[in-house]
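Here's a quick tour of a few local features worth a look in your viewer. Load the coordinates and follow along.

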Amino acid sequence: MLAETEMAESELGRLGLGHVRVRPYGGLACLDVPLGEIASITGEPLRAEVLRAVRGAGFDRVAVNIDSE
């Protein structure tokens, strides 16, 4: 999962989200997103780009951790 995690974080960085961390849990990628950015990352059009980037790295599902700092 290390390669998938690194690829997902690299793609998120390409989207200007280099500060977002990916935590793998099997086929689930849990994104650690700063609280103030949750609305923007889960809203369109960025949501579609994030899903495409993370799924393209090999994850089946994507979740956002609302308890990260």
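Which residues of helix α3 are buried? Keep in mind that this is a predicted model. Helix α3 covers residues 46-56, and V50, L51, A53 and V54 are buried there. Looking down the axis of α3, you'll find these buried residues within an arc of 165 degrees, so they line one face of the helix.

What do those buried residues pack against? Their partners are α1 (2-14), β2, α2 (38-42) and β3 (61-65).

## Before and after the helix

The loop between α2 and α3 is where P45 sits. The peptide bond joining E44 and P45 is cis, with omega at about 5 degrees.

After α3 comes G58. The phi of G58 is positive, near 115 degrees.

## D32 in strand β2

Now over to strand β2, which spans residues 28-32 and includes D32. Is D32 buried or exposed? Its relative accessibility is 14%, and the cut-off for buried is under 20%, so D32 counts as buried.

Which side chains does the D32 side chain touch through polar contacts? One of them is the side chain of R23, at 2.8 Å. Another polar contact, of 3.0 Å, links the D32 side chain to that of N65.

Methods
Residues numbered from 1 in each chain as written. Predicted model: local features only at pLDDT ≥ 70, side-chain atom pairs only at ≥ 80, totals over all residues. Heavy atoms only, no water. Helix = DSSP H or I, 4+ residues; strand = E, 2+ residues; numbered from the N terminus. Buried < 20%, exposed > 50% of the residue type's maximum accessible area, 1.4 Å probe, protein only. Polar contact = N/O pair within 3.5 Å; in protein donor to acceptor, adjacent residues only side chain to side chain. Arc of directions from axis to C-beta. Contact = heavy atoms within 4.5 Å.
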